[in-house]
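Colleague: I would like to go through this model with you. Can we take the domains, then the sheets, then the helices?

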Amino acid sequence: MQEYILRLCKELGRQQLWDNESRLLLAVSGGVDSMALLGLVQQLPPEWQPQFAVVHVHHHLREESDEEYRMVRDYCETQKIAFFAEHWTEESHPKSNLEMAAREFRYAFFADMMEKWPATHLATAHHADDQLETILMRLVRGSTLKGISGIAMSRTFGRGQLVRPLLQFQKDELYQICGIAGIPYREDSTNSELTFTRNRYRNSIIPLLKVENNQASRHFGDFSEDLQDVLTVVQPVVSQEFRSLFNKVEADWVLDLTGWKACDVSLQRLVLSHFVTERLIPAGQLFRRSQLTAIMDLIENQSPQKQISLAGGWQARKRYDKLTFLSPDSVRIDFSDFSEQLELNKWVTLPSHGRIGLFHNDNAVSKELPLEAVSVGITDESALMPFTVRSRHSGDKIVLNKNQPFTKKVSRLFVDKKIPDEERRKACIVTDDEGRILWVPGYAQSVWLSENDKEQTRYRLIYIK
């Protein structure tokens, strides 16, 4: 055990994560990772041991959650450690994006407790294997440079710092720590399920890498640290260039395209990456590398007026020598001007809410979709590509009913369905190359589409609200 304590002390000194004057909150779920962290902090020598307390969130998502809550509470009571818990009750659970909502609830509670206790640091038990999984997932998905640098050892959070002191420890070592010190923990039964992307990496891909080299997670940690060092060194240059090119106008951002085009393309990409990761996208929301490329393509496009949708409800709008990044609120106000072409096997983020995409049928079937996703197949070859998703226009009409085709105004459709005005304003329209309305997602489909998943279709449209 002493070996692990000395390693943690060395890491605390090297990274200057905290000292004995700090006030530390430990996020403890009850799994082996966080219980090992708690056990190590308990045994730190006086020069490194801060005043600390435990924070725990009972998510009420699994039967084992009650047992985990009681175990952490009882352990803290026995060890005379201050313990603070919060319950995320079942009636508060959303119908979609459950993982993201749980994370947001958890970190909101942690930030609140940092104020109330009060604390200078929040520590989580992310370790080397988590780092390996994160970097691989982001590389495969396509992320920004900052994204593929992985989990940072420390970052600003709430009134203080969020720190991850176990990033140099491998998962197997955390089991050893709990075993040596007799620290209890509970295994999450869902960790073995392959429903979630991270679990598939953890259970199927990572073991193969460790067969090749059992120090793979440590090497990925070194890579993360090296890349974060590079980003730290170039940051002053990138920040200075960013300030000269971008101007904030209320909630929106404006990019001077004349000054932009005078920059080297490498600096352009770094400045744009800095903008989207540091200023545009809220913490915790992923921004894929493909969207950086889409913004670059938009700038280079010969059309003087064009726009694209971005993650988080933002929109990039080109108007001659200016590129404006409209905030979600600005986009909602100006949704009447929205129009974007659907590219095969890609999603389009809608300004009002949700996303929509056109996919080859095989790709559509293989996708992990939430329960509320709506999918329709394109059954008639007379529906000509490319397809466009746009805001609703006055006079829009859709051809309904295969047996007795008739045309109906979309506005009349909403009246018949008693759709509230605020929902009507958010509705989007999918049209083909001839301008014929194929689909009003969530409300109506034309004679050229089918909801039957078993029907033989080459393409499918998918809408997630």
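The questions and answers below concern a predicted model.

Colleague: How many Å separate the centres of domain 1 and domain 2?

Modeller: The chain is divided into domain 1 (1-226), domain 2 (250-326) and domain 3 (339-464). Nine residues of domain 1 are in contact with 11 residues of domain 2. Taken over C-alpha atoms, the centres of domain 1 and domain 2 are separated by 34 Å.

Colleague: In the hairpin of β9 and β10, which residue in the turn has a positive phi?

Modeller: Strand β9 (residues 305-309) and strand β10 (residues 315-319) run antiparallel and are joined by five bridges. Q305 stands opposite R319 in β10. Five residues lie between the two strands, and the one in the turn with a positive phi, about 75°, is G312.

Colleague: What is the bridge partner of K318 in β11?

Modeller: β10 is joined to strand β11 (residues 322-326) by five bridges, and the two run antiparallel. Within β11, K318 has as its bridge partner L323.

Colleague: Why is one side of β13 and of β22 left without a neighbour in the sheet?

Modeller: The open sheet here has five strands in the order β13-β14-β23-β15-β22, with antiparallel pairing. β13 (346-349) and β22 (449-450) stand at its edges, so one side of each has no neighbour, each having a single partner strand.

Colleague: Is the crossing of α11 and α12 right-handed or left-handed?

Modeller: The axes of helix α11 (residues 265-280) and helix α12 (residues 289-300) come within 11 Å and cross at roughly 120°. That angle makes α11 oblique to α12. The crossing is right-handed.

Colleague: How many nonpolar residues has the contact of α11 with α12?

Modeller: α11 contributes V265, Q268, R269, L272, S273 and V276, and α12 contributes R289, L292, I295 and M296. By class, two are polar and two are charged; the nonpolar residues number six.

Note on methods
Residues are numbered from 1 along each chain as its sequence is written. This is a predicted model: local features need pLDDT of at least 70, side-chain atom pairs count only at pLDDT 80 or more; totals for chains, interfaces and linings use all residues. Side-chain values use heavy atoms; hydrogens and water are left out. Two strands pair if DSSP finds at least two bridges between them. Helices (H or I, at least four residues) and strands (E, at least two) are DSSP runs, numbered from the N terminus. Axes are lines fitted to C-alpha atoms, for helices over the stretch in contact, and angles run from 0 to 180 degrees between N-to-C directions. Angles under 35 degrees count as roughly parallel, over 145 as roughly antiparallel, 65 to 115 as roughly perpendicular and the rest as oblique. A crossing is left-handed if the near helix is turned anticlockwise from the far one by less than a right angle, and right-handed if clockwise. Contact means heavy atoms within 4.5 Å. Ala, Val, Leu, Ile, Met, Phe, Trp, Tyr, Cys and Pro count as nonpolar, Asp, Glu, Lys and Arg as charged, and the others, Gly among them, as polar. Domain bounds come from an automatic or database domain assignment.
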